Amino acid sequence: MPLLTPQIQDENDYSLVASLDNVRNLSTILKAIHFREHATCFATKNGIKVTVENAKCVQANAFIQAGIFQEFIVQEESVTFRINLTIFLDCLSIFGSSPMPGTLTALRMCYQGYGYPLMLFLEEGGVVTVCKINTQEPEETLDFDFCSTNVINKIILQSEGLREAFSELDMTSEVLQITMSPDKPYFRLSTFGNAGSSHLDYPKDSDLMESFHCNQTQVNRYKISLLKPSTKALVLSCKVSIRTDNRGFLSLQYMIRNEDGQICFVEYYCCPDEEVPESES
Amino acid sequence: MRCLVTGGNVKVLGKAVHSLSRIGDELYLEPLEDGLSLRTVNSSRSAYACFLFAPLFFQQYQAAAPGQEALRCKILMKSFLAVFRSLATVERSVEKCCISLGGRSSRLVVQLHCRYGVRKTHNLSFQDCESLQAVFDPALCSNVLRAPARVLGEAVLPFPPALAEVTLGIGCGRRVILRSYQEEEEADSTVKAMVTEMSIGEEDFQQLQAQEGVAITFCLKEFRGLLSFAESANLSLSVHFDAPGRPAIFAVKDSLLDGHFVLATLSESDLHSPAPRSPELRRLAPPLQAHSTPHLDDFANDDIDSYMIAMETTVDSEGSRAVPSTSLSPGLRPPCSPGPYSEDNGAEASTQPGTPPPKKFRSLFFGSILAPAHSPPGPSPVLAEDSEGEG
């Protein structure tokens, strides 16, 4: 079995080894943040965090905790590398993205360290595919300094209630305006497009609203093109937490339940757009 | 204008907007005393469509605020369609829909009250009122077919989605024939040599009043639009047509709404191509020719532009306000020949002080419909004739 030689190597040679019975538990979460070609991966003994950024304004993080993996070994304190996410996802779904029911693709992922490729061993029905993806110099990622003590308003919604809203966003509008307020309209999404404006209001006593903690009226605008990709996470998630801090920064946290019923989180941060002009409401 | 639509009727309204969107890029929304009218015309003015929703269709209907004149407006089809984009979602989650025009905001406001107390408000910008009308009268057409939409829907199902036109005719044994239409050059090439033909027996029709041998060719896309509406509402669809080249009228009707699609048909010369055809059509051709000859002069092109009146209605004279109803049912118009009628209007308009340039546009337009209408004596009694117009 010359192909599998790397596996026979001592596991201590690798700075990261992770095995997974169902590769979709990883690929699904990664798809939720796949809006740019490249991602930075950070692995610690707690799990892997994969980060994608755009325009220095939006950052998406997927957390795959160690417990999701059947085997998870990190030799160093932290392992960091940059990888082409598109290729990574293509490899993970090399046996097809929607496999036959009852068949699972297993994954073993090894990384030897700085300068080495990421090795993937994928197995389905006794067939093994080995992929080597070159890793790149990790780039510094943005620190949004989003601190829960500075959070002004926080809402937890069932994702079902936002899904349609995000998939039907008027993309001729440059911004998505989010209003959160202890008073009416409580939680409002607005767009201002070529055809006119649209407002979507959620009452605070709606059955969709899991929790509602708004302390102060905040109206912030975010570039719609930057937020639209979060729809990918939204459609996979069951709940979403929407928070804004004192600077108007937005945090969207998505709770995603995988095929084995485990919970993973995907998080989006976004900077607000320019100040809201007084005249518009 | 303010109206409230509830329950399943929201989907019916949405479905109507979807079928109108197959035709035009702009939607004319006009609140009338006898209901809310939605109309559109395509860019080449060869297809016109209108729906009229009766006041009873709505939970509440108010054409105009008391003591005020009803406003009408034109909006982008795309933006109105976006409100009802996913019919499945509309059906699942929308409980009621409120449409209002006028009041303080200079927007057409469409508000959807959805499940879980979620409320969507669309403030759509609109353009100033210009009423869209087509002069047509199903009662004037010598041929009428009426069948459940399902029957016709199943008959057009096998046609390829890219097919542009379809020929509808009466074959031997009074069977109704639908055949894919091919232009001459297309038919010449061996590549596109396939012709699809569906034949429906007379017994499937609720009404079949047409001679063997008549046939018309019209655009399939628009027809499919109305069919899908009629099928979802489980209605019958009637087709009123005359000779090739004259517009065909497709109509649906129930107690709460009616819909009319007026589509141009190909004129005789096009139909009469020597290209390879199945025997039926060749058999169909001679009687067609004989039948339509008298009309060839006035309706030579396959464009119904000459039937279309786009009229500036901001001219708030009595005359112009009367026009919307006459548009749908010329029979209601006082008996007069088209000539004086238009001159009257022209004169009236020109006496309005400060009326903007659209007058010219309007009179020009009238001119264009009058020119052909004058020559044959046919159309003028037609206009005066009482008709089932609204139907």
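Modeller: Chain B has 12 helices and 20 strands, going by DSSP runs numbered from the N terminus (helices are H or I with at least four residues, strands are E with at least two). This is a predicted model, where local features need pLDDT of at least 70, side-chain atom pairs count only at pLDDT 80 or more, and totals for chains, interfaces and linings use all residues. Residues are numbered from 1 along each chain as its sequence is written, chains are lettered from A and ligands numbered from 1 in the order in which they are written, and side-chain values use heavy atoms, with hydrogens and water left out.

Colleague: How much of chain B counts as buried?

Modeller: 53% of its 391 residues. Buried means under 20% relative accessible area, with exposed over 50% and partly exposed in between (1.4 Å probe, protein chains only).

Colleague: OK, the interface. How much area do chain A and chain B bury between them?

Modeller: About 1,400 Å², with 45% of it on carbon and sulfur atoms. That's the accessible area (1.4 Å probe) that two parts lose on being put together, summed over both. A:Glu164, A:Glu168 and A:Ala195 supply 33% of what chain A buries against chain B, more than any other three residues.

Colleague: And how many residues does each chain put into the contact?

Modeller: 16 from chain A and 16 from chain B, where contact means heavy atoms within 4.5 Å.

Colleague: How many salt bridges between chain A and chain B?

Modeller: The count is 3, each being a side-chain nitrogen of Lys or Arg within 4 Å of a carboxyl oxygen of Asp or Glu. One pairs B:Lys120 with A:Glu164, at 2.5 Å from N to O.

Colleague: Which element gives the most to chain A's side?

Modeller: S13(A), with 7 residues on the side that touches chain B. S13(A) also pairs with strand S9 (residues 119–124) of chain B, antiparallel over 6 bridges; pairing takes at least two bridges between strands, as DSSP finds them. In that pairing, A:Asp201 stands opposite B:Arg119 in S9(B).

Colleague: Switching topic: is B:His240 buried or exposed?

Modeller: Buried, since its relative accessible area is 7%. B:His240 lies in strand S17 (residues 236–241) of chain B.

Colleague: What does its side chain make a polar contact with?

Modeller: The side chain of B:Ser238, at 3.3 Å. A polar contact is a pair of N or O atoms within 3.5 Å; within protein, one must be able to donate a hydrogen and the other to accept it, and residues adjacent in sequence count only if both atoms are side-chain atoms.
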